[in-house]
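Welcome! Please take a moment to look over the sequence and the 3D view, and then follow along with this short tour.

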Amino acid sequence: MTPIELLTTRRSVKKLGLPAPSAAHIENMLQAATQVPDHGQLTPWRFVVMAGEAAQARLERALLQAAQTLGLGEEGEAKARQISHMAPLMIGVVAAPRLESSRPKPEWEQHLSAACAAYAIQLAAKAQGFDNAWITGPWVGSSPLRQAFGCAATDKIIALLAIGTAADPLAGPKNTDLSRFVQHW
């Protein structure tokens with residue numbers, strides 16, 4: 001796969017299974033994430049890697065607590081179970097802005113850096129043959145998940161990245177009509 005094919009064919013896949021990324025694959029993904037623009041080497045992000053059954057169970061408990069705290073009912077609890085078991089690997093991406101720096105950068109720019117890190121993980125996963133999906137929703141702002149991830153007051157969970165092998169491979173690229181999004185001057 002060429003770099004341009006990688007960039008133009010990555011799509012979200014929500015039915016993910018085995019094989020799972022190996023420790024070496026995960027290391028590559030995290031190394032890719034550290035190469036994004038980081039605003040003066042502030043590295044305003046961190047990652048929570050959840051692989052294996054014990055990690056899935058811990059994530060499920062946190063998401064179930066979140067569903068209860070948020071009052072999402074039985075449907076929310078079912079969704080929490082589904083999310084926690086949708087892939088053999090989940091990586092939580094936390095924006096952890098460094099506001100006390102001697103050369104402070106705006107908090108919103110640091111959040112963008114964390115989003116770039118999340119996307120770099122997705123691209124590195126795809127480059128190694130794994131599909132993925134970026135999950136958000138009410139979970140990421142919930143107190144139970146923030147507590148489970150050890151978030152400080154200024155931290156923001158921006159993604160739960162589900163990574164694995166596509167159960168049902170997608171048919172081709174999106175072939176996006178660019179005229180809806182692009183203005184040429």
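## A buried glutamate

With a relative accessibility of 18%, Glu60 counts as buried; buried means under 20% relative accessible area, exposed over 50%, and partly exposed in between (1.4 Å probe, protein chains only). Glu60 sits in helix H3, residues 53–69. Helices (H or I, at least four residues) and strands (E, at least two) are DSSP runs, numbered from the N terminus.

Before going on, please note that this is a predicted model, in which local features need pLDDT of at least 70 and side-chain atom pairs count only at pLDDT 80 or more, while totals for chains, interfaces and linings use all residues. Residues are numbered from 1 along each chain as its sequence is written, and side-chain values use heavy atoms, with hydrogens and water left out.

Which residues does Glu60 touch, not counting those up to four places away in sequence? They are Arg81, Ser84 and His85, where contact means heavy atoms within 4.5 Å.

## Salt bridges

How many salt bridges does a search of the whole structure find? There are three, each being a side-chain nitrogen of Lys or Arg within 4 Å of a carboxyl oxygen of Asp or Glu. Side chains of opposite charge can pair when their charged atoms come close. Glu60 takes part through its side chain, which meets that of Arg81 at 3.7 Å, N to O. This pair links distant parts of the chain, with Arg81 in helix H4 (residues 73–84) and Glu60 in helix H3, 21 residues apart. Arg81 counts as partly exposed because its relative accessibility is 38%.

Asp155 forms a salt bridge with Arg46, and their closest N and O atoms are 3.6 Å apart. Here too distant parts of the chain are linked: Asp155 is in the loop between helix H6 (143–148) and S5, Arg46 is in strand S2, and 109 residues separate them. Asp155 is buried at a relative accessible area of 10%, whereas Arg46 is partly exposed at 24%. Another salt bridge joins the side chains of Lys126 and Asp131, 3.2 Å from N to O. Lys126 counts as buried at 19% relative accessibility, and Asp131 is buried at 14%.

Is strand S5 largely enclosed or open? Nine of its 11 residues are buried, so S5 is largely enclosed by the rest of the structure. S5 runs over residues 156–166. Two strands pair if DSSP finds at least two bridges between them. S3 and S5 pair in the antiparallel sense over seven bridges, and Ala95 stands opposite Lys156 in S5.

S4 also pairs with S5 in the antiparallel sense, over five bridges, and Asn132 has Ile163 in S5 as its bridge partner. Strand S4 (residues 131–135) is mostly covered, with four of its five residues buried. Strand S1 (residues 16–17) is joined to S5 by two bridges, and the two run antiparallel. Gly17 has Thr165 as its bridge partner in S5.

## The covered side of helix H2

In helix H2 (residues 23–33), the residues Ile26, Met29 and Ala33 are buried. They lie on the same side of H2, because they cover an arc of only 60° around the axis; the arc is that of the directions from the helix axis to the C-beta atoms. The cover over the buried residues of H2 includes strands S2 (45–51), S3 (89–95) and S5, together with helix H5 (107–127).

Leu7 lies in helix H1, residues 3–9, and counts as partly exposed at 47% relative accessibility. Pro3 is also found in helix H1 and is exposed, with a relative accessible area of 63%. Pro3 and Leu123 are 120 residues apart in sequence, yet 9.7 Å apart in space, C-alpha to C-alpha.

Pro19, in the loop between S1 and H2, is joined to Leu18 by a cis peptide bond with omega of about 5°. Thr43, in the loop between H2 and S2, has a positive phi of about 40° although it is not a glycine. Thr43 is partly exposed, with a relative accessible area of 31%.
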